[in-house]
Amino acid sequence: MNKVPLRSFLFGAMILVLLGVIVNIFSDTSRDTPVIKFSEFREAVAKGHVQSVEISDLDITGKYDEAYAKESKKRPAFRTTGPVGEDLQDLLTAKDVAFSFQKSDEDGWQQILWWVPVMLIIVVLFFMMRQFQSGSGKAMTFGKSRAKLLNENNNKVTFNDIAGIDEAKDGALKEDR
C-alpha cells in the first residue's frame with residue numbers, strides 16, 4: 001500500500017485552504033440585500049416602516065416592517081450608508097425602532113484575510129521551488145554543464161587489461177572466421 005508523503009498532504013491542504021479563502025473573499029453575502037438612499041431610509045423610519053436597524057460605523061443594515069414590505073413589494077432587508085448622529089438615534093427611539101451598534105472589526109480581519117492568501121502563495125512557491133531542485137537536475141542551474149573533461153592518462157582500457165578473459169578471446173576468434 002502506498003503511503004502519501006507528509007509533504008504531499010500539506011501541499012494539498014494548503015491548496016484547499018487557499019481556495020477556501022479566495023471563495024470566502026469573493027462571495028459577498030451582502031449583495032443579496034438591496035442598497036437604498038439614506039434619505040429613503042430616514043423617510044421610511046419617519047413613517048414607521050422600519051422594524052430594526054444595525055449600525056456599524058457608517059454602514060446601516062435594517063429590516064422593513066413585514067406589512068410594509070409585502071404592501072410595497074420590497075425585499076424585507078436593506079442596506080444604506082450615512083451619518084449616524086444623535087438626531088438619527090432620537091428618530092429611531094421616537095419611532096420604536098430596535099437598533100444596535102456593531103463594532104466594526106474589519107480593519108484587523110480584513111488585513112489578516114488579505115495577507116493569508118499572499119503568505120500561502122509564497123509558501124506554495126517556496127515548496128515548489130524546493131521540489132524542482134530536489135530532482136536529478138536543478139531548476140535554476142541553466143548553462144552549467146556537468147560534463148567531465150577526459151584525460152588520456154585516466155580511464156584508459158587496453159587489450160592487456162582484458163587479455164586474460166576467455167569470453168573475450170572466444171568472441172575475437174569467432175569474429176575472425
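Predicted model: local features only at pLDDT ≥ 70, side-chain atom pairs only at ≥ 80, totals over all residues.
**Notebook: the α2/α4 crossing**

I began with handedness: the crossing of α2 and α4 is left-handed.

I took α2 as residues 38–46 and α4 as residues 86–94, and their axes come within 9 Å, crossing at roughly 35 degrees.

Then I asked myself which residues in α2 meet α4. On the α2 side I got Phe38, Phe41, Arg42, Val45 and Ala46. Across from them, α4 puts in Asp87, Leu88, Leu91 and Leu92. Sorted by class, this contact has seven nonpolar residues, two charged ones and no polar ones.

I moved on to Lys47, which is found in the loop between α2 and β1 (50–56). Buried or exposed, this Lys47? I counted Lys47 as exposed because its relative accessibility is 55%, and the cut-off for exposed is over 50%.

Last, I zoomed out to the whole protein chain. Of the 177 residues, 16% are buried. For the accessible surface I noted about 14700 Å², with 58% of that belonging to carbon and sulfur atoms. Contacts got a look too: taking those between residues at least 6 apart in sequence, 58% join residues at least 24 apart.

Key. Residues numbered from 1 in each chain as written. Heavy atoms only, no water. Axes fitted to C-alpha atoms, helices over the stretch in contact; angles between N-to-C directions. Helix = DSSP H or I, 4+ residues; strand = E, 2+ residues; numbered from the N terminus. Left-handed = near helix turned anticlockwise from the far one by under 90°. Contact = heavy atoms within 4.5 Å. Nonpolar A, V, L, I, M, F, W, Y, C, P; charged D, E, K, R; others polar. Buried < 20%, exposed > 50% of the residue type's maximum accessible area, 1.4 Å probe, protein only. Areas by Shrake-Rupley, 256 points an atom, 1.4 Å probe, with all protein chains shown as cover.
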